[in-house]
Amino acid sequence: MSQHHQPSSLAALGRTWIEAWNARDLERVLRLYDEGAVMTSDRIPVMGFDVSGTVRGKDALRAYWGKALGLLPELHFSLIDMFVSPDSVVVFYANERGKKICEYLRVNAAGLIVQGSANHLVQ
């Protein structure tokens, strides 16, 4: 069973997540994740990674996000809102191109992200 976290702790994680991305500091982003974290996004296969749309573990995350950062020199996230549950936070933000995205981040008892899912608007 997962640990229940205080809403303020989860909101702080969401803000730290945004700040780390905006600093373009991949290692700082990765410190927020558990070693076995799983990430799902429709961008994963487009970027040449797993056709399932899911990558597993920090090494795979590092490879995927490292490539993305190299392709997106203007990357910037503007926080719109955050939503919390006892074991997750959804970070609602706009990227540098004005696209709105919800990032679901589920955390373990230690407060590290174990599951992420990037959710994009249907166009």
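These exercises work through a predicted model of one protein chain.

**Exercise 1. The whole chain**

Find how many helices and strands the protein chain has, and in what pattern they follow one another.

*Solution.* 
Step 1. Count the elements. The protein chain has four helices and six strands.
Step 2. Read along the sequence. The pattern is α-α-β-α-β-α-β-β-β-β.
Step 3. Along the principal axes, the C-alpha atoms fill a box of roughly 35 × 30 × 30 Å.
Step 4. Turn to the inside. Of the 123 residues, 40% are buried.
Step 5. The accessible surface is about 6,700 Å², and 55% of it belongs to carbon and sulfur atoms.
Step 6. Residues 24 or more positions apart account for 45% of them.

**Exercise 2. Helix H4**

Then find which residues of H4 are buried and which elements they pack against.

*Solution.* 
Step 1. List the buried residues. In H4 they are Lys58, Leu61, Tyr64, Trp65, Ala68 and Leu69.
Step 2. Turn to the face pointing away from the buried side. There sit the exposed residues Asp59, Gly70 and Leu71.
Step 3. Name the packing partners. The buried residues of H4 pack against helices H1 (7–22), H2 (26–30) and H3 (43–46), and against strands S1 (33–40) and S2 (54–56).

**Exercise 3. Strand S4 and its partners**

Describe how strand S4 (residues 88–94) is covered, and how S4 pairs with S3 and with S5.

*Solution.* 
Step 1. Check the cover. S4 is mostly covered, with five of its seven residues buried.
Step 2. Take S3 (residues 78–85). S3 and S4 pair in the antiparallel sense, over seven bridges.
Step 3. Look at the link. S3 and S4 form a hairpin, with two residues between them.
Step 4. Take S5 (residues 100–107). S4 and S5 also pair in the antiparallel sense, over seven bridges. Phenylalanine 92 has cysteine 102 in S5 as its bridge partner.
Step 5. Look at this second link. The hairpin of S4 and S5 has five residues between the strands. In this hairpin, glycine 98 takes a positive phi near 85°.

**Exercise 4. Two single residues**

Decide whether glycine 14 and arginine 24 are buried, partly exposed or exposed.

*Solution.* 
Step 1. Locate glycine 14. Glycine 14 lies in helix H1.
Step 2. Apply the cut-off. Buried means under 20% relative accessible area. Glycine 14 has 0%, so glycine 14 counts as buried.
Step 3. Find its contacts. Leaving out residues up to four places away in sequence, glycine 14 touches Met82 and Val91. The C-alpha atoms of glycine 14 and leucine 105 are 8.4 Å apart, although 91 residues separate the two along the chain.
Step 4. Locate arginine 24. Arginine 24 is in the loop between H1 and H2.
Step 5. Read its accessibility. The relative accessible area of arginine 24 is 33%, so arginine 24 is partly exposed.
Step 6. Note the backbone. Arginine 24 has a positive phi of about 55°, although it is not a glycine.

Technical notes:
Residues are numbered from 1 along each chain as its sequence is written. This is a predicted model: local features need pLDDT of at least 70, side-chain atom pairs count only at pLDDT 80 or more; totals for chains, interfaces and linings use all residues. Side-chain values use heavy atoms; hydrogens and water are left out. Buried means under 20% relative accessible area, exposed over 50%, partly exposed in between (1.4 Å probe, protein chains only). Contact means heavy atoms within 4.5 Å. Accessible areas come from the Shrake-Rupley method with a 1.4 Å probe; for residues, only the protein chains shown count as cover. Two strands pair if DSSP finds at least two bridges between them.
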